[in-house]
Amino acid sequence: MSEGPFINVAGLTKVFKGGTKPALDNLDVKMERGQTVGLVGPDGSGKTTLMRLLIGLLSPDRGTITVSGFDSRKQAAKIQAISGYMPQKFGLYEDLTVLENMNLYADLRGTAKSERAARFAELLAFTDLDRFQDRLAGRLSGGMKQKLGLACVLIATPDLLLLDEPSVGVDPISRRELWRMVTQLARDGLTVVWGTSYLDEAEKCSRVILLHQGRNLYSGPPEEALARVKDRSFVLRGLTGSRRRETLMGLLREGSVMDGLVQGGEIKVVAKRGQGPPAGLGNWEKQKPAFEDAFIDLLGGPTMGESALAKRMADKPNDGALVVEASGLTKRFGDFTAVEDNSFQIKRGQIFGLLGPNGAGKSTTFKMMCGLIRPTSGEAWIAGNSLASRPTQARSHLGYMAQKFSLYDQLSVEQNLSFFAGAYGLFGAVQKERVDLMEEVFDLTPYMRSNAGILPLGIKQRLALACAVMHQPDVLFLDEPTSGVDPLTRREFWLHINHLAIKGVTVMITTHFMEEAEYCDFIALIFRGRNVASGSPDELKAMAKSETLEDPTMEDAFIELIRRSDLHLVT
Amino acid sequence: MRILKALIKKEFLQVGRDPATIFMTLLLPLVLMFIFGYGVNLDVGSFKIGVVVEGDEPQAVSLLAAFRNSKYFEVESGRDVRQFQDEITASRLKGLIVVPADFSRCLLSGQKATILLVTDGSDGNTATLVRAYALMALLNWRQGLLAERGLPAFQPITLESRSWYNPALISSHYLLPGSISVILTITGVILTALVIAKEWERGTMESLMATPAGIYQIITAKLFTYFVLAIISMLLCWAITIFWYGVPFRGSFPVFMGIGSLFLITALGQGLLISTLTKNQFLAAELALISGFLPSFLLSGVIFEITSMPEVLQAITRLVPARYFVDALKTVFLTGNVWPIFLHSSANLAILGLAFFLITARKTDKTLA
């Protein structure tokens, strides 16, 4: 075949109409045949744009791309003929069956009818979709759709496989299975480009391309990136309850610490270059660094040591009172039970996490707790007010940040803040004071006059959090607040959340990131509407422990506990 | 060709699965034909009016009888205006005629006799008709009165009127052919705009474009499928119009099919343009409704006569493909083959269609951006 790298991207720049910054900025990337390349970066970093450029669906403004010697501008059809591309939404026809979808792609790729039987049988076995051949694609679960999408792009045995965020919206179990399939394909010589915003997936790739704001922050094997933070990652074990948070917040103010986070009963810090573990406190053990540590190091580390928000907020009384209570919450939609008999209690100043695969009933539980939907049976209380009988009082203690950005795109940041202040009953001088406060603590000054719709994702999320906390609620409900944002913004969020919890604000949160679950004091694992396991992160990990799984991570625990509940081992 | 075949097969599979598409192409025409055939009726029937006769002299009574005998009126009579007040307000009566107490006296004494006619000005059309019919009944009655007295009756000039092509002036005869253009706009513009926007929205367009299938093949397959569906709708409408409603068909069938196909291609072009510009189902539906369906209804001459519109609106109707199709449809059903009209319609449809496709081609990159 051709000389040089399988994929060669040189000086690539792409600017979209109306965009101020280039989506991709002077990018140089090389990929070799048979590599599994992780294309990693937060939302909006340019991953999808790069994939579309690679497959010739977009053409570059400057620079060149060659794939297997073909130029993407002039020979896009040739690149497309040897490639399989699975876009974010899988590209399936929901009103066609599994087999009809596969036949369509086989027809388009010109796979001969005689070869089809064998190839289909192979792919259906590989994706474990054999039993579902005649099911409409729209009736498949998220994980199964993803596998079918993969089967469709594999029909013509491509040389290059481009997967755009195949793991978004898919639970860890399906993620793991997909990863297993891709590893197998790579062994057979396929080049795989795997786009993801999950940094832990990067570690498993043979090569990583780290994109940040359209620029190539790093490209090379993941080990090399990890070497940057080698011997700089330490853990301190045996901390409990809110002490972990207070200790961490203290550590983050120290000069020698670049980054730190809570991991169940442990605190992890990443020391600045050339620094050892923080002095005192106890016995710091060295830990294998994570790819995220490397990313944060590459970005220069978090910029804030303290949450200006928490500093300016009044303390809530530290009385250990039950602030949030749910008793036997059940919600049925027709004969489908979305949530069944869910009960929990959250004390003041605790962080409570709802974890579970997509469609498990997390958001439904959330909406019942906010009084947005009425439970079929059961009751919930916020600060002693029943959501059924005193909904207005209950909600006045509540700040809610919805999963999707739910502010007004056409209003400016300032107008959004004033509107929400008004909605919480803050007017006149108080309103002005609070809006000013939010502007200051969330660093929104440069954006006050811009419309919310055009802000970068991280700023939007900041604004959403500002709108949820400006009335200084006792309880904060956060529905996947950090999904899709870059690690620095996530650090910033957790800094606020931790500080708020120290101040006595009670937090209920859902998240897809397993490492974020570690921050919680208490986790309820929801699966198929039922609460299948609950406890502190360490308790959950202990529950999942077995002979084959000696030191489970949070993700291991998640997968194991759900698997057991599926087998009815957990009652 | 292989690719096109695969894509068309997929389209038909999808159509077969989607009850909404079947409803819009097969059932909706039936429903609309029913509405146009029975519901929208511009024929003039009889009006309910009230006649108040305040005196009971023979002249007043015979005038009342004259109104009763008119085939255009259903008369309720009374002695006092007040008893009809509510019914006029509620529009149950379309008019009120008051024959005052001194009517007979004035008439006999040679003074000027006056009767009062009240109509509902908020429904101008009806008011005008009621006035005309009332006047007619009054004149007839006066003729009779003069003859009775042996006075030389004034012989009015009679106007013999004849309506060509629709002698009985049955409104469904011109409404139904015109409505075919409204129905085809639904399949051609709205459905097409929706299904193509759906491919963009679901991300399937992106997937297909990454295979050897190009965007032109994807669109050709779509247009072909919906063209076939729309032709089926058109034949269905044609059959219902002729065989169920008994509307005459005086032109030639090939001409009907030819101009119909041309209109469809134009409509598909419009639908395609809308979906290309929006790539979003909701926006596409709104735009298709505003730029396709409503003009085909209001600005095409199906219901409202174009020549009686203000000039600005008349100018706008030149951009509405349905207008040219309606012209051709009325001609081919009611008049027969009038080539100048057909050529004028076809030429305009072709120009508009070409414009839609050219703009679409300019707006469609072969790539995604």
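Reader: At what angle do helix 7 and helix 9 of chain B pack, and how far apart are their axes?

Author: Two packed helices are described by the angle between their axes and the distance between the axes. In this predicted model, helix 7 (residues 171-202) of chain B and helix 9 (residues 215-244) of chain B pack at an angle of about 160°, with their axes 10 Å apart, which makes helix 7 of chain B roughly antiparallel to helix 9 of chain B (angles over 145 degrees count as roughly antiparallel). Among the residues making the contact are B:Ile180 and B:Leu184 of helix 7 of chain B and B:Tyr226 and B:Leu229 of helix 9 of chain B, contact requiring C-beta atoms, placed from the backbone, within 7 Å.

Reader: Which residues of helix 20 of chain A are buried?

Author: A residue is buried if 20 or more other C-beta atoms lie within 10 Å of its own, exposed if 12 or fewer, and partly exposed in between. In helix 20 of chain A the buried residues include A:Met554, A:Phe558 and A:Leu561, and what covers the buried residues of this helix includes helix 6 (172-187) and strand 17 (351-355) of chain A.

Reader: Is A:Arg180 buried or exposed?

Author: A:Arg180, which lies in helix 6 of chain A, is exposed because 9 other C-beta atoms lie within 10 Å.

Reader: What is the mean pLDDT of chain A?

Author: pLDDT is the predictor's confidence in each residue, from 0 to 100; the mean for chain A is 86, and 97% of its residues reach 70 or more. Local features need pLDDT of at least 70, side-chain atom pairs count only at pLDDT 80 or more, and totals for chains, interfaces and linings use all residues. Residues are numbered from 1 along each chain as its sequence is written, while chains are lettered from A and ligands numbered from 1 in the order in which they are written.

Conventions
Helix = DSSP H or I, 4+ residues; strand = E, 2+ residues; numbered from the N terminus. Contact = placed C-beta atoms within 7 Å. Axes fitted to C-alpha atoms, helices over the stretch in contact; angles between N-to-C directions. Parallel < 35°, antiparallel > 145°, perpendicular 65-115°, else oblique.
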